[in-house]
Amino acid sequence: MLRTLSSDHARCGLGARRRSWAAVGLATLLLCGAAAGPSRADMFTPSVKDQIKLGNQAAQQVLHQYRVVHDERAAEVERMGRRLLDALPRKDREQWEWHFYLIQSKEINAFALPGGNTFFFTGLYDRLKTEDELAAVMGHEMTHVRKEHWAHMAAAAQKREAGLAVILGLTHAAPVWRSAAGIVDSMLNLRYSRKDEDQADAGGLQDMVDAGYNPQGMLDLFHVLQESAGGGGGPAFLQDHPLTSTRIQHARQRIADMDSRDFRPQIPLPGA
Ligand SMILES: [Zn+2]
């Protein structure tokens with residue numbers, strides 16, 4: 001999440017330039033008191049309610065910036081999201097405000113905002129061959145939401161600010177705007193730790209299997225992304241999610257460790 005930690009942190013979601021709006025919107029909401037919601041683990045962590053509020057605000061800006069697609073592919077994205085949701089524990093299904101969008105962009109990318117708004121780019125969708133590959137992306141992104149990765153990173157950033165104030169011998173904790181500035185910075189470079197990315201892979205893999213998909217779809221997704229990386233720059237999803245050998249190895253191992261090997265064949269996407 002912090003730009004200075006690039007070697008240890010993977011990026012998730014939109015490119016930094018396109019994320020700047022999210023920073024502004026999220027910071028504004030924090031400053032306007034969204035952080036005063038109930039049910040948080042500590043004073044630094046945005047509550048579920050905060051995350052939904054902030055995420056919805058940011059989603060409005062995404063929807064303003066991009067064209068939402070309403071076609072058979074979009075219906076498939078929606079259907080896939082709902083199917084994954086159906087297999088989740090009730091709490092994960094109900095406490096977030098899930099929305100699934102397909103947006104028109106050649107970028108090979110997908111991302112989820114805190115709270116449940118999940119966006120798929122046509123550039124990624126059109127490269128996928130099976131529902132199972134689609135489910136792998138969706139499961140990964142939805143796990144970031146369910147595990148509240150953004151909220152935990154925001155809390156850690158705020159704690160660092162407050163801790164610094166103590167170290168420097170300041171008599172008062174960091175003022176709210178300082179804390180909010182930390183959130184701005186983190187949202188500008190929405191980077192999750194490798195640990196969070198690994199957890200998103202693990203959660204996504206489990207979720208897709210629970211929903212009846214073939215986990216091979218995740219390995220095939222990695223292959224598709226690797227193939228797409230041939231052209232200049234590589235896909236945005238890979239820039240945000242470096243496809244390390246460890247990541248692939250972990251997915252292989254998790255599939256090998258699964259109790260059942262009896263997965264039905266992957267289902268081709270309509271028109272793929
Ligand atoms: Zn991720």
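Me: Does Glu 148 count as buried or exposed, and how many C-beta neighbours does it have inside 10 Å?

Reply: This is a predicted model, in which local features need pLDDT of at least 70 and side-chain atom pairs count only at pLDDT 80 or more, while totals for chains, interfaces and linings use all residues. Residues are numbered from 1 along each chain as its sequence is written. A residue is buried if 20 or more other C-beta atoms lie within 10 Å of its own, exposed if 12 or fewer, and partly exposed in between, with C-beta atoms placed from the backbone. Glu 148 counts as buried because it has 20 C-beta neighbours inside 10 Å. Its phi is near 55°, a positive value in a residue other than glycine. Glu 148 is found in the loop between α6 and α7 (149-167).

Me: What helices and strands does the protein chain contain, and what share of its residues is buried?

Reply: Helices (H or I, at least four residues) and strands (E, at least two) are DSSP runs, numbered from the N terminus. The protein chain has 12 helices and five strands. Of its 272 residues, 44% are buried.

Me: How do the axes of α3 and α6 cross, and which residues make the contact?

Reply: Axes are lines fitted to C-alpha atoms, for helices over the stretch in contact, and angles run from 0 to 180 degrees between N-to-C directions. The axes of α3 (residues 72-86) and α6 (residues 131-146) come within 10 Å and cross at roughly 60°. Two residues are in contact if their C-beta atoms, placed from the backbone, lie within 7 Å. From α3 the contact takes Met 80, Gly 81 and Leu 84; from α6 it takes Glu 131, Leu 134, Ala 135, Met 138, Gly 139 and Met 142.

Me: Which residues have the most contacts inside the largest nonpolar core?

Reply: A nonpolar core is a set of buried Ala, Val, Leu, Ile, Met, Phe, Trp, Tyr and Cys residues joined through C-beta atoms within 7 Å. The largest one has 43 residues, and Phe 120, Leu 124, Ala 135 and Met 208 have the most contacts inside it. Helix α6 gives the most to this core, with seven residues. Not counting residues up to four places away in sequence, Phe 120 touches Val 77, Tyr 101, Leu 102, Ala 110 and Tyr 125. A second, separate core of five residues includes Trp 150, Ala 151, Ala 154 and Ala 157.

Me: Where is Leu 113 placed, and which residues is it in contact with beyond four places in sequence?

Reply: Leu 113 lies in the loop between β3 (110-112) and β4 (117-121). It is buried, with 30 other C-beta atoms within 10 Å. Beyond its neighbours within four places in sequence, Leu 113 is in contact with Gly 55, Ala 58 and Ala 59. The C-alpha atoms of Leu 113 and Gln 51 are separated by 8.6 Å, although the two are 62 residues apart along the chain.
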